[in-house]
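Reader: Please take me through this structure slowly. I would like to know where each term comes from.

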Amino acid sequence: MTDRIITVTLNPAIDVTYRVDALRVGETVRVPQVRSRAGGKGVNVAAVVNALGGNGFALALTMTAEPDEFRTGLEELGIAHRLVPALASVRRTVAVVAEDGTTTMLQENGAPACDGAEAVITGALQDELEAGAGAVVISGSVPHGLHPAVPARLARLCAEFGVPVITDVSGPALRAAADSGAVLMPNSDELAELVGGARTLHDLVAGGAPAVVATAGADGAVAATADGTWQARPAEVVTGNPTGAGDAAAAALALHLAAGRDVDWPAALADVVATSASAVLRPVAGEIDLGARTRWIALTTVKETR
């Protein structure tokens with residue numbers, strides 16, 4: 001199998017991180033440290049895949065005008081990419097991180113996608129699948145102008161090629177993806193919205209998801225498949241910037257899926273939790289602390305619960 005991981009970002013961003021002493025609402029707050037980089041969840045996943053020794057490839061929508069700050073940002077990060085011009089502009093997200101680790105996110109909705117964007121991004125993904133992929137990660141929000149079911153449709157395309165795919169989406173896009181054949185990767189809030197009522201993780205698996213990996217921050221993660229359910233808890237509580245933790249988790253899982261059909265789920269879940277925690281130590285999304293990850297993988301507790 002190839003370690004080439006394709007990530008799909010339909011609503012890219014320029015991620016800005018402000019490091020401040022404290023966020024005081026209604027007052028002037030000095031910003032001694034600013035970081036800015038090309039972002040969006042899929043871009044963060046590709047960056048972490050590269051950090052883990054894989055081959056991350058970012059497929060994303062981008063702006064139709066030049067100069068393209070997002071394209072330039074990807075080149076500066078050294079992330080291989082293919083971009084589809086379909087947006088009037090690329091949105092900005094701002095993470096305000098205080099010294100105590102409290103993080104406040106300000107996220108623009110972004111410009112709507114132009115007519116025909118779905119057909120072009122679908123064709124681009126098909127081209128890249130034909131070129132070879134170990135796994136695909138479709139993550140982040142869906143811009144106006146695209147139907148919420150687009151991630152599910154792209155996931156089904158991956159299934160046609162026999163390529164494992166993760167969807168890390170929310171709201172209507174997550175509901176549409178539930179029976180798309182993708183591994184679902186919601187956080188605890190998204191999972192609660194998805195299952196509702198009497199539905200369970202195993203109902204989602206029975207409905208077509210090969211696996212559901214639900215992340216829960218400091219409480220770790222749960223994985224459910226047709227073969228069992230496992231819960232993993234982190235080795236220690238970590239404080240810092242949690243913005244890219246879920247993206248780091250998706251990168252780790254994608255590499256396990258790309259390694260072959262017989263996934264060692266306890267090992268994969270330990271990696272998901274340790275890699276996610278190691279991202280919290282870094283000041284910006286898309287980065288991980290490799291030393292901490294290595295230590296924590298061995299110390300992460302994984303128990304089979306079903």
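Author: Start with an open sheet of four strands, in the order β3-β2-β6-β7, with mixed pairing. This is a predicted model: local features need pLDDT of at least 70, side-chain atom pairs count only at pLDDT 80 or more, and totals for chains, interfaces and linings use all residues. Residues are numbered from 1 along each chain as its sequence is written, and side-chain values use heavy atoms, with hydrogens and water left out.

Reader: What makes β3 and β7 edge strands?

Author: β3 (33–39) and β7 (103–107) each pair on one side only. Two strands pair if DSSP finds at least two bridges between them. Strands themselves are DSSP runs of E, at least two residues, and helices are runs of H or I, at least four residues, numbered from the N terminus. From one strand to the next, the twist averages 15°.

Reader: Why are α1 and α8 called oblique?

Author: Two packed helices are described by the angle between their axes and the distance between the axes. For helix α1 (residues 41–51) and helix α8 (residues 245–258) the angle is about 55°, and the axes are 8 Å apart. Angles under 35 degrees count as roughly parallel, over 145 as roughly antiparallel, 65 to 115 as roughly perpendicular and the rest as oblique. The angle falls among the rest, and α1 and α8 are therefore oblique to each other. Lys41, Asn44, Val45, Val48 and Val49 of α1 make the contact with Asp247, Ala248, Ala250, Ala251 and Leu255 of α8.

Reader: Why are α3 and α4 called roughly parallel?

Author: α3 and α4 pack at an angle of about 25°, with their axes 10 Å apart. That is under the limit for roughly parallel, so α3 and α4 are given that name. In the contact, Glu118, Thr122, Leu125, Gln126 and Leu129 of α3 meet Val150, Arg153, Leu154, Leu157 and Cys158 of α4.

Reader: How do the residues of the contact of α3 with α4 divide?

Author: They divide into six nonpolar, two polar and two charged. Ala, Val, Leu, Ile, Met, Phe, Trp, Tyr, Cys and Pro count as nonpolar, Asp, Glu, Lys and Arg as charged, and the others, Gly among them, as polar.

Reader: How do you know that Val284 is buried?

Author: Buried means under 20% relative accessible area, exposed over 50%, and partly exposed in between (1.4 Å probe, protein chains only). Val284 has 4%, so Val284 is buried. Val284 lies in the loop between α9 (265–280) and α10 (290–299). Leaving aside neighbours within four places in sequence, Val284 is in contact with Thr17, Arg35, Arg37 and Asn241.

Reader: Which residues of α4 are buried?

Author: In helix α4 (residues 150–160) they are Val150, Pro151, Ala152, Leu154, Ala155, Leu157 and Cys158. Their cover includes β1 (4–9), α3 (117–131), β8, β9 and α5 (171–177).

Reader: Where do the residues of β9 point?

Author: In a regular strand the side chains alternate between the two faces of the sheet. In strand β9 (residues 165–168), Val165 and Thr167 point one way and Ile166 and Asp168 the other way, and all are buried. β9 runs parallel to strand β8 (residues 135–139), joined by four bridges. Asp168 is the bridge partner of Ser139.

Reader: What makes the peptide bond from Glu66 to Pro67 worth a remark?

Author: Most peptide bonds are trans. The bond from Glu66 to Pro67 is cis, with omega near 0°. Pro67 lies in the loop between β4 (55–63) and α2.

Terms used:
Axes are lines fitted to C-alpha atoms, for helices over the stretch in contact, and angles run from 0 to 180 degrees between N-to-C directions. Contact means heavy atoms within 4.5 Å.
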